[in-house]
Each structure stands twice: as structure tokens, then as C-alpha cells.
Number of protein chains: 2
Amino acid sequence: MSESLRKLAELFQDNSHFVILSHVRPDGDAFGSSIGLALILKAMGKEARVFNEDGPSDQYAYLAGSVSVEKTPVERPPGSWKVVAVDCSTLERLGESFQGWGVRVDANIDHHPDNPGYAEINWIDSRALATAEIVARTALELGFPVRADAAAALYVGILTDTNSFSFRPLRPETLELAAALIRSGADPEMLSWRTFRNFSLNRFELLREILNRTRFAAENRIAFYRLDADLYAKTGTTSLEVENFLNYLQLVQTVQVAFMVEEVGPRVTRISLRSIPAIDVRPVAAHFGGGGHRNASGARAPLPVAEVETQLLEQILPLLRSPS
Amino acid sequence: MSESLRKLAELFQDNSHFVILSHVRPDGDAFGSSIGLALILKAMGKEARVFNEDGPSDQYAYLAGSVSVEKTPVERPPGSWKVVAVDCSTLERLGESFQGWGVRVDANIDHHPDNPGYAEINWIDSRALATAEIVARTALELGFPVRADAAAALYVGILTDTNSFSFRPLRPETLELAAALIRSGADPEMLSWRTFRNFSLNRFELLREILNRTRFAAENRIAFYRLDADLYAKTGTTSLEVENFLNYLQLVQTVQVAFMVEEVGPRVTRISLRSIPAIDVRPVAAHFGGGGHRNASGARAPLPVAEVETQLLEQILPLLRSPS
């Protein structure tokens, strides 16, 4: 057993009160890994609270079980709590409220390769496809109780971060771990329905609208769409609901890079980029002051949306491979 | 070892020439399981040819490897060939050409629960989520060689029939088998891209058109669309390309039944139905003389498309659950 793992095991065994935090704009792995860990700790007889800067999400309400996600309070909760960050690549991404607590992070459990290790104990495995995978594997290895409710939350973390086991360099270990979570009581059919077939009718309208707006460039090697500030109001949706819609543009075989630009203010444009495995879009995001993963990155640019769109097309063009 | 498995093992070990057939309107499991089996037999030094009534498909061309799929010839190929049917629930579904050969099927490997066992050796496991799963498990159990090319074909069979491990009552055994195929050399990332992100631009246009036509009924518990005879010509697509588009209608959380009606002739309407696990749509398909699975069935009705649409709405209404 490594030194870090021994310390992590001790942290969980020797203490009784934990707060678990994940990153702002939480996704399925942020919720799944934090709720999953809390449920494991509760099964060990511990107190565990789950905080997120953005509070709970209707989208993952079915995961709650005996744990509720709470909006991170501005004041540190009274008493002695050990702080565990999951799925959070930087201290800043834990959100503003937490920064005001003025405490250190005791444990940092993550799979992001750029995690600098900002905590007392850093348990980072960048080979894992989801932080939920690390939480599950570690708990099973340490003999901690992974009951059906925890298994379900962790399964959803893996399901969302691997996009249902697709479009990622999947490891056999990940599939075997998912199998173990099913054996622990996770219901894969129900969980994939609740996770992926959860659109409101408004969100379906938003998808229609986005597909209708989608344009193609550079011999159909680039696909992109633009969102105006009023589209969410018009369709009764929020900006969180547009998450992953670039996947639909990537259905087209010729598409090597897909992007969206969203007007979030008069001179503020949100950019999201996706690419095929062969193309690294991080330099494009970096050009606008952003970053992220090789095939999924983003930025916020202090420029009007039309200007950003033009610059993006220019930046992406030299990265494209010959049409196949 | 069961009697059937012993006979199957002998069939493969004691003979040297095989033709492998799968069902008409082949899907990923028909191609994956037939090509995978052929590649296993070739690795054993056997001759193996893969036939399908509808011939090869561009969509699965990347699976070919050292095996080509051929259109089933009208005449039986000269010489002594053992005939193996995979993923084919009835003798009829092997196609017209094969019926003209006037020979029996030596082995019938399938996962459809309604397979009547029409061959000399029937190796049917309805717990398997794909026929490719049966082929892979059987080959590994018998110690037959499953090399990277066969593993890739079998992985794709599982990937397509499980819709990338989602929306099905997934067994841990299936995930563990998929892990074994990755260890045998299947590249999961490449295969899921080639399998699912393979739309032509025309097919993307067809999807846009279908989503724009999609209507909702019964408090958004039914979603449906209608295809005219000229839509494929208009978008430059074929009827095979509309496969699985009902999945997109099922993204909406309130949708309990999704259906499509397609005008294939003046008084011929093709029906395709999908439902949530709790609802059995087979009786609806049966009303029009069709059949299929509990949550995925279909029919061809000798009625005009508008009439079928009206009758379908009437038939589905009493099956719906209360809105949640």
C-alpha cells in the first residue's frame, strides 16, 4: 500500500465528520463521486455532508439517497470537519464560498492530469476515466462498505464521464469495476435511463434549435453553432442544459472539430470545443485564455461572439487533417 | 460441458469449410457476430465465408478485416460447406436466396428468446445481450483463438445491441466479456467512434428533419414522427439510415412510447415502436400483424400512413402510465 493510500485510509478511519466538495458547474462525476463517497462514509457510521458551490441539481436528484447535496455555505460549518475535494482539478474550482472558509483541504481525490496536488493528502490517478472510478476502486481495496446506493452514485459518475463507455480510451479495468458496482446493487438500466433520457420538453426544443442552427465549414470537417443571449429565455432552458450537445455535431463522420460560441454578455463569449482523438484543441482554447483536455476544452473570451467565431475558424483550420 | 456445446465444438473442429449467415436488414450484431466467428475459424486454419441477403454495408466496412461480407448467392456455393446461422431468430430471416439452396442449417447461434431452434445444433442463450457475446464467450470457453480482428468485430456486436452498454438490463458478465475483448486487442475508443459517429451529412439532415417533424401527444407521454415516401430521396438517404432515430425521441423524460410510421407504398406503412421498460408494446405491433421485443417492436400494415398513425395513438393510450 502506498504512503498516500495509507494516509487516506487513516483519514477516513480515524475521523468522524467529513464535508465533501466538488467542482463548480458540477457534472455527473462531480455528483456521483461526492455522493458515492458520502454514502460509503455513512455506511461506516460517519457524518458526511456534500457541498457544491452551485447546489443540488434536478438532473441528478435520483442519486440523492440518504445524502442531500447542499449549496456550499459562505461560512465554514461549526465543529471539526475534515474536508475532502473530489473531481476538482484546482482549489479555485471548489468555488468562491469555500475560499472564504480559510481552511486547507485534507484530501484531494481526482483523475484530472493537471491537478497540482493542493491538499494534505493527494490521491490522484489520471488513468482513471472518472473520479468515481477512483473512489470505487479505493473503497473496494480498503474493504470499505460499497452498498447499493453508493454503487449507483459511483456507477453514474463512470457512466457520465465515459459517455456510457464510449468515445474514450476505455480500460478493461473500468468495465470490470462497473461490473463490480452492478454486483454491489447498481441498476445499470435504470441508471442509464435516468442519466441520459432526462430531457425536459424544453431541452428537446433547445436541441432542435441547435441542430437547425448548426453549420459546417472546411469541407464539413468543422461543425459549429452560435447561441444568442436570449435563446435560453426563448426555450425556457438554462445554460447547463446545453451541456454535451456538441456530441450531436460529432455524429457526422467528417467532423474533426466541433465548437459552440455563446454570447454570455455584450463582449463576453463562452467557447466550448471538441475534437477527434488525433487533434489537440487545447492551443485553440489557450489562444482565448482557456484550457482543458486534449479533445474537450473551452474558454471565456472578452470579445463579441461574431469576432470569436471568425477567429476560431482561423485557429482551427491549420489543425485539421486531410479529408478521408 | 452441455451436449449442444460439445456438438458445436465438434462441428467447428471436425470440419474445414463454413458459410456463416445472418439476418436480413443486418445490424451491428449480425455483422459483428458473423465476421467475428469467421475470423475465429480462419485463425483455426478453416475456410469461412460470410453471407448476408443484403450484402455488405458501408457502415460496418471497418470491420471487414480479412473477411468480406458477400451478398448471399442464389445458388449454393459448390463443395461441402457447413452452414452456421448467427443472430437470426427464424429460418425465413436468413433471406430468400438461402431458401433456394435447399439445405439445412447445421448450427444456429442466437440470443433471440423466440428462436424456435431450426437447426441441427441450436446454441441459444437469451440471457446474452448480443449474439456476439455468445460467440465470444463460447470461443473463449472452448479455447478457440480470439485475435484482435475477431475481438473488434465481436466488441462492435455487443456495443450496438446494448446501445453502448445503456438502456438495457446489463449483466456484469457482459461488461467483463467486453473487458476481455479489449484485452484481446479490440480498441474501444476507435470502435465506438466508427460505430456511432458515422453519419453522412445527409443522414444528419435526415435527423434534423425528423426532430423537426416530431410531435408529442398524451401529455408528452407519446412522441412520434411520420416519414413520407419521398423523404429519403429529398435528403439523399436510405431507409436503413433512419435506424435507431427513435432513441432521440426517447431522450425526453416524459416519453413512455415512441413510434414512427413510414409510407413504404400507397397502402403499406412500416411501423416501429419503442417503450420504457415498464410498457410492453408487442400487443400494439401484433394489432398490425407484427411482433418483436417487449420494448422494441414493429410491423408492416396494409393501411395508409395517416390511418395507421390514428390507430397507433388509440392502441397506445390505454398502455400509458400516469404522468410522473
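1. Two strands count as paired if DSSP finds at least two bridges between them. Strands themselves (E, at least two residues) and helices (H or I, at least four) are DSSP runs, numbered from the N terminus.

2. A word on the model before we dig in: it's predicted, so local features need pLDDT of at least 70 and side-chain atom pairs count only at pLDDT 80 or more, while totals for chains, interfaces and linings use all residues. Residues are numbered from 1 along each chain as its sequence is written, and chains are lettered from A, ligands numbered from 1, in the order in which they are written.

3. Now look at chain B. Its open sheet has six strands, in the order β3-β2-β1-β4-β5-β6, with parallel pairing. At the edges sit β3 (69-71) and β6 (121-124) of chain B, each pairing on one side only.

4. "Touching" here rests on contact: C-beta atoms, placed from the backbone, within 7 Å.

5. What about the two chains together? In all, 36 residues of chain A are in contact with 36 residues of chain B. On the chain A side, α6 (172-183), α7 (188-196) and α8 (201-213) each supply at least two residues. The biggest giver is α6(A), with seven residues.

Notes:
Two residues are in contact if their C-beta atoms, placed from the backbone, lie within 7 Å.
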